Each structure stands twice: as C-alpha cells, then as structure tokens.
Amino acid sequence: MTRARAGTAAAAAAGALRRSGSSAGRGRKRTSPRGGAPAPTPAPPLARHHFSDLAEVEALRKNLLAWYDRCKRDLPWRALAATEPDADRRGYAVWVSEIMLQQTQVATVIDYYNRWMQKWPTLQALAQASLEEVNELWAGLGYYSRGKRLQEAARKVVSELGGHMPRTAEALQKLLPGVGRYTAGAIASISYGQATGVVDGNVIRVLCRLRCIGADSSSPAVIDRLWDMANALVDRSRPGDFNQALMELGATVCVPKAPLCGECPVKQHCRARCRVEKELAFASQKLFGKPAPVPDVENCVGDCPLCPPATEPWDSSLGVTNFPRKAAKKQPRAMRTATCVLERRGCRGGPEYLIVQRPSSGLLAGLWEFPSLQLAQDLQEKKEREVLADHLQAWMGQPVAAKGLRFIGEVIHIFSHIHQTYVVYSLPLDGDVTLDPASPSRWVTEEEFHASAVSTAMKKVLKAHEKQHRKETSPGKGSKRKRGAKPQGAGSTCPGTQLSLHAFLRAPTAP
Ligand code: SF4
C-alpha cells in the first residue's frame with residue numbers, strides 16, 4: 001500500500017469512527033455507543049502488517065539500496081565477498097563472518113575475523129587445524145561451540161563435498177552442521193546471489209517497526225511471518241546487498257533504544273513512525289482545544305496475531321520502540337564456582353600459573369581454566385574453602401589444607417543463560433607438582449595464559465588475582481613478597497625439574 005493509499009484508507013476508517021461517535025479507543029473490538037452492532041472494520045485484519053503494494057516494495061528496495069551504497073560500513077568480509085573470484089572461498093569468507101557475528105558486536109569481530117582469515121584462508125586450511133588452535137583464536141569471542149562447529153563443518157565440506165560449498169540456502173542448511181536458516185540465507189544471498197531473505201535480530205526490529213508488528217517477536221507465528229516478509233521484500237537483482245542493507249539499517253539507524261528516524265531511508269514506509277506522527281497530531285490538537293481527529297493507525301480489529309496483546313497496549317512514551325516486543329526474558333540461572341589460582345615462580349623469575357582443560361562437551365568445552373569446582377548456592381565461606389581444598393586434594397591425591405587457600409575476591413561473569421560467580425582463591429607454591437597425566441593440565445606464563453584457549457571469565461579471575469597481588473606488594477601495604485620473587489622456601493621450576501607433590505602440598509600460612 002502506498003503512503004497516499006494508506007492515508008486514504010486510514011482517513012476513511014477515522015471518518016467511520018467519527019461518524020460512530022467513538023473516541024480513540026484501543027480496544028480490540030469496537031461497538032457503537034448505542035450498543036448496536038460492531039462498528040465498521042477500518043481495515044481488513046493483518047493488512048497493515050503486509051507489504052501488499054508492489055510499487056511500495058520497489059520504492060523501499062530502491063531507497064534502502066541507495067542508502068546502503070552511500071553509507072555502508074567498510075568491513076573486511078564485505079570486501080572479500082565483493083572481490084573474491086573463487087566461489088568456495090567467497091562462501092567460506094561470508095560463512096566465517098556470519099558465525100562470528102552471531103551474538104557478537106561488529107567492532108569485536110573485526111580483529112578476530114582478520115586473524116582467522118589470515119591463519120585459515122580456505123576451508124582446507126581450517127579443516128587441517130586442531131581444535132586447540134581454533135579455541136585459542138576464538139578465546140574471548142564467547143559462545144565457544146561456534147568455532148568448534150565451524151571447524152567440524154569445514155572438515156565435512158572437505159571430506160564429503162569435495163571441498164565445494166553448497167550453493168543454495170536449502171543445501172547449506174541441510175548439509176552443513178551448525179548452519180541454520182539465517183546463516184544459510186546470508187551465505188547464499190551474499191556469496192551466490194540467491195534471492196532469499198534473512199531474518200536476524202536487526203531485521204526483526206526493522207520489519208516489526210515498518211509494519212507495526214507488536215506480538216511477541218520470538219513466537220513461531222511472528223517469526224514465520226517475518227520470514228515470508230523478508231523473502232518477499234528481498235531485491236531480486238541485489239539480494240546480498242539488500243539483506244546486508246536491512247541488517248545495517250537495524251544496526252546503525254533503526255537501533256533498539258533511540259532510533260534515528262529522521263535519517264532513515266525508509267521512513268516513508270514505516271507504519272510505526274506514521275503512528276507516532278498521528279499520535280502527536282492528536283495530542284497537539286487536543287492541547288489547543290480543537291476537535292481531535294481520531295488516530296487512524298491503530299491495532300487491527302479482532303484477534304490479530306501480529307498486533308500487541310490487549311494486555312500491553314501501545315505506550316505513547318515509547319514511540320516507535322513499542323515495536324518489537326519480546327516475551328519476558330528468562331532470568332539467567334545463578335551459579336557459584338570456586339576457582340584456585342595456583343602460582344609458582346618460573347625459571348625466568350616471573351610467575352607461572354597452573355591451568356587445566358575443561359571437558360570436551362558442555363559449557364566452555366575444551367577451554368582451559370584455573371582448577372575450579374561448582375559450589376552449592378548456600379555454602380558458608382568456610383565450607384566453600386573446605387570443598388575447594390577437598391577438590392584439589394582429590395585431584396592431587398594428597399591432602400591440601402583449607403586454611404592455606406588465600407581468598408582473593410568474587411568475580412562475576414554473565415553467560416547468556418548463567419549468572420556465574422567465581423569465588424577466587426590463590427595458592428602460592430614453593431615448588432613444582434607432579435601433575436596427574438589423566439587430567440590435561442599445564443603451567444603457563446602470563447603471556448602464555450593470554451595466548452591460550454581461556455575464557456574471558458578466566459582472564460577476569462587472573463586480573464583479580466593480579467590486582468590483589470599488587471595491593472599486597474605496594475609500598476606501605478605490608479608486602480608479603482614481590483611479584484616473581486622467590487616465595488619463602490621456594491625452589492626453582494626451570495624446565496627439567498619436577499619437584500615433589502609433597503612440595504606442592506606444603507601449603508603456606510593463611511593470611
Ligand atoms: Fe526504524 Fe524509525 Fe526507520 Fe521506522 S522510521 S524503520 S522506526 S528508523
């Protein structure tokens with residue numbers, strides 16, 4: 001529907017309401033004031049949620065693409081997609097970017113992407129990498145299973161598909177593990193020019209605003225409708241650019257909290273904005289005591305599955321950000337984990353830390369961490385210390401004194417579904433330990449720690465430990481020992497020396 005036609009229909013609807021004497025009611029059903037038959041329906045249900053006018057669709061495509069050509073960000077994967085002549089390499093380059101961009105900001109991804117493509121410029125190179133290398137490069141990017149799945153899928157392409165990327169969204173989704181509908185659509189449209197739409201968080205926001213979709217945007221009914229809309233809207237001659245433009249609009253202009261509607265290239269097609277303008281006009285007329293026109297852009301009549309629920313009607317203070325709406329987010333689960341920074345003096349005088357590898361499945365699979373133990377929620381501090389000592393003891397096979405564990409502090413890290421509190425302890429060692437060969441573990445310098453496949457949470461833990469150490473060793477703070485200095489009674493841990501477990505277990509005096 002063009003703007004003019006929308007205006008006409010809306011005006012007719014408003015006229016009908018005025019004739020019936022109704023105010024700007026927002027109820028789902030309107031009846032005449034005389035209690036007679038329901039008032040005339042202003043528009044067919046759902047019509048305002050569609051792009052049914054081809055001329056409008058064409059105009060929207062044109063405006064959006066012209067804006068994208070002028071304003072798009074210069075991003076490394078876009079350059080590769082535009083210039084790489086080899087179709088498999090092109091598909092791979094887009095695929096890597098799409099996986100990295102899931103749940104992660106563009107600014108964060110750029111450096112990871114450049115390093116990744118430098119290290120593994122082809123599917124074949126990635127297929128030959130070890131999971132340890134992949135985890136190392138991915139460290140800090142979060143959602144670590146993404147890197148692992150990407151590598152597994154690359155191996156599949158090389159071993160089962162002759163090294164050739166599938167060329168359509170359907171085949172990509174079907175054949176590549178970890179590639180869902182969105183990623184498949186993005187690769188196929190951007191790399192291979194398939195006219196297929198994409199729906200991600202940015203697209204959801206833009207489409208919901210363009211068409212006043214206020215029902216729960218994570219519900220299957222709404223998501224299905226948005227996919228239909230994205231597939232109908234995508235430009236047939238420049239599908240990849242169109243999809244990127246829609247996402248770019250959501251990322252830079254139609255942002256969640258304060259959208260820049262004045263700068264928006266598709267504002268003339270936006271029904272959320274239209275509604276805001278009508279509401280403002282309505283309010284100003286009312287202020288000056290003029291007969292108030294009835295806002296003509298309202299919820300559909302009847303049980304529209306795309307309108308906001310009657311329990312959460314339009315809120316004028318929110319403006320266009322009334323859309324989209326999401327069901328209340330599930331609160332993240334609270335978890336407490338005791339973790340112990342085991343530190344020794346390395347042969348070059350600097351500190352070394354003991355890290356152990358997590359299991360190959362589950363949260364942070366295959367990453368390295370300080371020895372850690374999940375705690376029950378209601379444990380007392382004394383008890384936490386004891387269970388951590390018991391854990392270390394079971395791992396070492398020898399007693400560890402709970403009082404020897406030095407409390408550093410608590411470190412909070414929020415995973416997508418877990419509110420994790422790390423209760424951090426440290427245990428300075430005066431010698432090496434005989435490590436259990438069944439549990440992957442190793443000593444690392446600070447530099448090696450940061451280059452290892454460790455999570456951001458563990459980096460925070462080390463930072464807390466270092467901060468505490470600086471505090472203790474700063475002048476006038478009753479320094480116990482200098483960083484890197486030989487602890488009391490410490491032995492050298494140069495390569496080749498393997499001190500006794502007994503030395504490890506000789507816990508220092510508690511502070
Ligand atoms: Fe988003 Fe505003 Fe543009 Fe509508 S006009 S699409 S709300 S930025």
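**Exercise 1. Locate Lys471 and describe the charged patch to which this residue belongs.**

Solution. Lys471 lies in helix H17, which spans residues 456–473; helices are DSSP runs of H or I with at least four residues, strands are runs of E with at least two, and both are numbered from the N terminus. The model is predicted, with local features requiring pLDDT of at least 70 and side-chain atom pairs pLDDT 80 or more, while totals for chains, interfaces and linings use all residues. Residues are numbered from 1 along each chain as its sequence is written, and side-chain values use heavy atoms, without hydrogens and water. Next, Lys471 gathers with Lys463, Lys467 and Arg470 in a surface patch of positive charge. Such a patch joins like charges within 9 Å, using residues with over 30% relative accessible area (Shrake-Rupley method, 1.4 Å probe) and no salt bridge.

**Exercise 2. State how many salt bridges the structure holds, and examine the one between Arg238 and Asp69.**

Solution. The whole structure contains 19 salt bridges, each a side-chain nitrogen of Lys or Arg within 4 Å of a carboxyl oxygen of Asp or Glu. In the pair Arg238 and Asp69, the closest N and O atoms are 2.7 Å apart. Arg238 is in the loop between helix H12 (220–233) and H13, whereas Asp69 is in helix H2 (residues 54–71); the two are 169 residues apart, and the pair links distant parts of the chain.

**Exercise 3. Describe the largest cavity and its lining.**

Solution. Three cavities of 30 Å³ or more are found; on a 1 Å grid over the protein atoms alone, a cavity is a set of points where a 1.4 Å probe fits but cannot get out, and lining residues have an atom within 4 Å of a point. The largest cavity holds about 100 Å³, a volume being the space filled by probe spheres set on the points. Its lining has 13 residues, with Arg209, Cys254, Cys261, Cys264 and Cys270 nearest the centre. Helix H11 contributes the most to this lining, namely three residues.

**Exercise 4. Identify the backbone features at Pro324 and Tyr143.**

Solution. Phe323 and Pro324 are joined by a cis peptide bond, with omega about -5°. Pro324 sits in the loop between helix H14 (271–287) and strand S1 (333–345). Tyr143, a residue other than glycine, has a positive phi near 45°. The loop between helix H7 (131–138) and helix H8 (145–160) contains Tyr143.

Definitions and conventions:
Patch = residues over 30% accessible without salt bridge, like charges linked within 9 Å, V, L, I, M, F, W, Y side chains within 5 Å. Lys, Arg positive; Asp, Glu negative; His and termini not counted. Charge placed at Lys NZ, Arg CZ, Asp CG, Glu CD. 1 Å grid on protein atoms, 1.4 Å probe; cavity = no way out; pocket = protein on both sides within 12 Å on 5 of 7 lines; lining within 4 Å.
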